[in-house]
Amino acid sequence: MPEPTKKDETPNGEKVWSLGEGQAPEDLDKPVDTPPLSSLLIERPQGGSITVGGDISFVAKVEAQDLLRKPTIKWFKGKWMDLASKTGKHLQLKETFDRRTKIHTFEMHIIKAKDNYAGNYRCEVTYKDKFDSCSFDLEVKGFSEGHEDAGDLDFSGLLKHREPKQDETPEVDVWEILKSARPDQYEKIAFEYGITDLRGLLKRLKKTKKEEKKSEAFAKKLDPAYQADKGGKIRLVVDLADPTVELKWYKNGQEIRPTPKFIFEQKGTQRILVINNCGLNDDAAYSVAAGEEKCTTELFVKELPVKITKEIEAVKTTVNERIELECEVSEVGAQVKWCKNGVEVSTGPRSRYRVKSDGLKHWLIIDDASKEDTGTFSLMASGGTSEAKVQVELKPLKIIQDLQDMTVLLGQPLKMHCEIFPGNVPGRWYRNGQLIQSNDRINILQRANTLHDAGDYTFVPEGYSQSLCAKIHIVDPPRVHLESLNFPDNTVTIVAGNKLRVEIPISGEPAPRVILDSGHRVRAETFPDHTSLTIDIAEKEDTGNYKIVLQNEAGEAGASVKVKVVDIPDPPEVPLVTEVGGDWCSMTWEPPIYDGGSPILGYFIERKKKQSSRWMRLNFDLNKETTFEPKKMIEGVPYEVRVFAVNAIGVSKPSEPSKAFVPLAVTSEPTMLVVDDVTDTTVTMKWRPPDTIGAAGLDGYLVEYCIEGTDDWRVTNKELTEKTKYTITGLPPEAKILVRVRAINAAGASTPRTLQHSILVKEVIEPPKIRIPRHLKQTYTRKVGEAVNLVIPFMGKPRPKVSWLKEGQTVDPTQVTIRNTDCDSIIFIRKAERKHSGKYDMKVEVENHVDTAIVDIQIVDLPGPPQCVKIDEVWGGNVALDWTPPKDNGNAAITGYTIQKADKKTMEWYTCIEHYHRTCITITELVVGNEYYFRIYSENMVGLSEGATQTKDSALIVKEGMQLKNPEYIDHDFKEPPKFTQPLINTFAIAGYNATLNCSVRANPRPKVIWMKNKIAIIDDPRYRMFSNQGVCTLEIRKPSPYDGGMYSCKAINDLGDALVECKLEVKGQNNVLHHVAELNLCIFFSF
């Protein structure tokens, strides 16, 4: 059973991270379920060997050339332990990526390795469906004697080596106890025998209960598990069926070599592995292989608990004494923990506590005990705890020298001294009962700087009720403290018009008398700690020196104060605008004549539009110079500027505004200058307007040229041209010229746009090339009556000659209009007819070069009705129809047919099927007893034919098994011209509410009904809806407005005549109707 990952302890008691002991023995022979391997790793980690406490690194590299994202990497120890959660001070995982080489580098660093870090490790890399893995081994070797100095406090190397005490209790086979125990007792047994991995225990126990198969190589296999005490010896015995077979032993999958620790013995058919001096790193899975067979077991090393053999003794002492707490345990080098009042004691470099161990003994040392060290100290070991109380008391206080009363001059050193025993007792100083200092020294030096230092001083030793007292008296001669005013050269500066009040600090004990030498405008006042000079309204004449004299019985002192009155400066001179640009200008001015008694610090500049009264500040930081360049002005708008002077006092009044100026700028250079055409004596250039024109506008363009190799630019157009295309004439043939164009406006000429290469004045023949549009490369289809307008571009120089033929014949100009330009040809047919269909041949010629193209035009129309529609057969409720395609297909393929039926009684037609492709059909679900007529429309890409072909005969649907012979009657002639049986009635409607007009008409055959407003037919108007049902004709007007009022008429027309009725409709606004909505609905029914 593998022991779960745990925290190990170093010899000094420090908890460190542990890598565990590898995979379980029963999992050694199981295959690992992993995806198929692929070559992701370009550099695999290699195994290594280090000594205990050493560092080692393992590196794996993955090439990311074909990877879209970073691959996933995992590091394992053994088979199941993922090291990602074990990172800390002993294990670090690092990832880097080199963008230049496209390589991911993954590193695993083991720091200060322990002996149980040895074993097999594995690195797995996955990316989507790719997987790669690599295993490597780590061997950790123990220290050699004297290999490393353990420090001044480590005496373990001087001690004798003692064999661990053998536990007198007999060995117990835990697995036998578990096999015979109930499942509810597993947890209790595991706790009793120190097994912490309960899940692994249950898994292992489940497998041990399975019946083992008989082995051919082993007569007796290893036991499922073995248990040994730490420092003891264990023998693993296996009995072979064939003594000649070669045997190999493994630990965590690594072969074991004979060493003093691992000894191989042989007795007959028995093979024995002896493990001496078992340690925690021997707690692992062991296996033995005999040929192809293998058996496994697991060794558990049990660490005995450390017991207290000698308890800690209680200590009672005084402060500043040394305290040593001693305890003895049952094992050398055992890990123990010292605590104070249940909290672990810190033993770092800055701690007051030191720990020491020598063999079985452990000490906690306090060199300089204090009262805070009083408490309960305990030592905790794995097998018990020992406690003892420590009590630290104060020593008796003895006053050797008391404090003395003193009189000191102000500013002289003040030294108060006392001596007490013990001498290292901290204390607090008080003046007049107030705490002034807390220090761990007894002797304190203090300089008397103020009269407040006088008073009663007391020193109170900490922890004692006694105190030491002394009285200090301070005297001081008179002084004037001008330096505390922080005035340069003792000069007070005041702005004219303000009130001046200068408070001058003075000192002296007793209080001095103040004498002030001042004018009649200055008022003096004296206070205990200062004197003041006051001028209510400062004027320039108040500038001068003022003398102060202090007198008391200790002496006399004097000082003088200078008063300076300053003001704001005068305004600067009128600014002058020296230069103007598109959105900027340059201005300058003269400084003010009077600076107000303070240097000019800078200037503020403002501007405004001439027509405006609002000034705008242009700079928020002072301008040190007397020149400025305002920017971001609107081109073409007149502006004015003015200036303010600034000194330390404030801002002057503004200067007079400058003369008005207007910012104007030339345009940017013309763009996209290219050659449009070249002949033997001319060159045609074209360009586009400048990107930036500005407020000055654009007056025109100036075109210049020069012969290549010279700088003689000649103007070709004496007058400016407003067009962006110009032809330079009168050029010498076969000369090379350079061309440039300037844009001109009121501000001047722009930067020229020059053609980058020279132009050869010689006409070049370009063979013709017809560029047929993509939609004309297939048959071009239009309906009859639509306009045809085709543009076919072509290329060629000089101007090509274009000719058109239709079916090999010249195109009739009365039917088809053809218009040719330099670069395209246009075919235009105002109203297309079917005779315009055909293939049109286009030929473009330039001297001996020819290019041709064909344009196929198809004019389509509605098809004619089908032919010969007849009833082939009638049975049950079904009728079979047959017909032939129409004679005229409308110059387009027939895409389908629409079949309709009508009852002979009503002759109202209903559609049976649409878009039918065949020329025969069976109509089903006809009503028994009815007699039907059928008609068929043909359909092409334009639509349905205007007329339909009707069957001559009717189809009578009779009930099967009954034949009724109808008597023959002479048909009555019901034909009559239209006649309105109910006329229209004049009415009115409410605006916003639907209105309807109704009438009824009688006629045979069925008449065509036309509605009119003011004798104008209503056709396809969404505001009107027309209905006709059983002779009742209805016109619905949706939400009428007053403009919909007028004379409405209904006209009915058939082959025998026509009839007309009229009415007047008046639409009233909603405001004219109080509480009702009028709606007229006249419905009169009649029968033909």
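Biologist: Which residue in E20 is the bridge partner of Tyr-226?

Modeller: Leu-299 is the partner of Tyr-226 in E20. A caution first: this is a predicted model, where local features need pLDDT of at least 70, side-chain atom pairs need 80 or more, and totals for chains, interfaces and linings use all residues. Numbering starts from 1 along each chain as its sequence is written, and side-chain values use heavy atoms, without hydrogens or water.

Biologist: What makes E13 and E20 a pair?

Modeller: Two strands pair if DSSP finds at least two bridges between them. Strands here are DSSP runs of E with at least two residues, helices are runs of H or I with at least four, and both are numbered from the N terminus. E13 (residues 226-229) is joined to strand E20 (residues 293-302) by 4 bridges. That meets the criterion of at least two, and the two strands run parallel.

Biologist: Which residues of E13 form the covered face?

Modeller: Tyr-226 and Ala-228 form the covered face of E13, while Gln-227 and Asp-229 lie on the uncovered one.

Biologist: Why is Glu-553 called exposed?

Modeller: Buried means under 20% relative accessible area, exposed means over 50%, and partly exposed falls in between (1.4 Å probe, protein chains only). Glu-553 has 74%, so it is exposed. Its place is the loop between strand E44 (544-552) and strand E45 (555-566). Ala-511 is 42 residues from Glu-553 in sequence, and their C-alpha atoms are 9.4 Å apart.

Biologist: How do you know whether Tyr-840 is buried or exposed?

Modeller: The relative accessible area of Tyr-840 is 1%, so it counts as buried. Tyr-840 sits in strand E68 (residues 838-846).

Biologist: What does Tyr-840 touch?

Modeller: A contact means heavy atoms within 4.5 Å. Leaving out residues up to four places away in sequence, Tyr-840 touches Trp-804, Leu-805, Lys-806, Val-811, Val-816, Ala-853, Ile-854, Val-855 and Ile-857. Lys-806 is 34 residues away in sequence, yet the C-alpha atoms of Tyr-840 and Lys-806 are 4.5 Å apart.

Biologist: What makes strand E9 largely enclosed?

Modeller: In E9 (residues 103-110), 7 of the 8 residues are buried, so the rest of the structure largely encloses this strand.

Biologist: How many bridges join E9 to E5 and to E8?

Modeller: Strand E5 (residues 56-63) pairs with E9 in the antiparallel sense over 8 bridges. Strand E8 (residues 91-98) also runs antiparallel to E9, joined by 8 bridges. Ile-56 stands opposite Ile-110, and Glu-95 has Phe-106 as its bridge partner. The hairpin of E8 and E9 has 4 residues between the strands, and there Lys-102 takes a positive phi near 60°.

Biologist: Why is the pair of Trp-429 and Phe-459 called tilted?

Modeller: Rings of Phe, Tyr and Trp (its six-membered ring) pair if their centres lie within 6.5 Å; planes under 30 degrees apart are stacked, over 60 edge-to-face, and the rest tilted. A search of the whole structure finds 12 aromatic pairs. For Trp-429 and Phe-459 the centres are 5.1 Å apart and the planes stand at 50°, so the pair is tilted. The pair links strand E34 (residues 427-431) with strand E37 (residues 455-461), and the two residues are 30 apart. Both Trp-429 and Phe-459 are buried.

Biologist: What makes the pair of Trp-687 and Tyr-701 edge-to-face?

Modeller: Their ring planes stand at 70° and their centres 5.4 Å apart, so the pair counts as edge-to-face. Trp-687 belongs to strand E53 (residues 683-688) and Tyr-701 to strand E54 (residues 700-707), so the pair ties together parts 14 residues apart in sequence. Trp-687 is buried at 4% relative accessibility. Tyr-701 is buried too, at 2%.

Biologist: Which residues do ring pairs link into a cluster?

Modeller: The cluster holds Phe-58, Trp-75, Tyr-121 and Phe-136.

Biologist: How many helices and strands does the chain have?

Modeller: The chain has 3 helices and 86 strands. Of its 1088 residues, 38% are buried.
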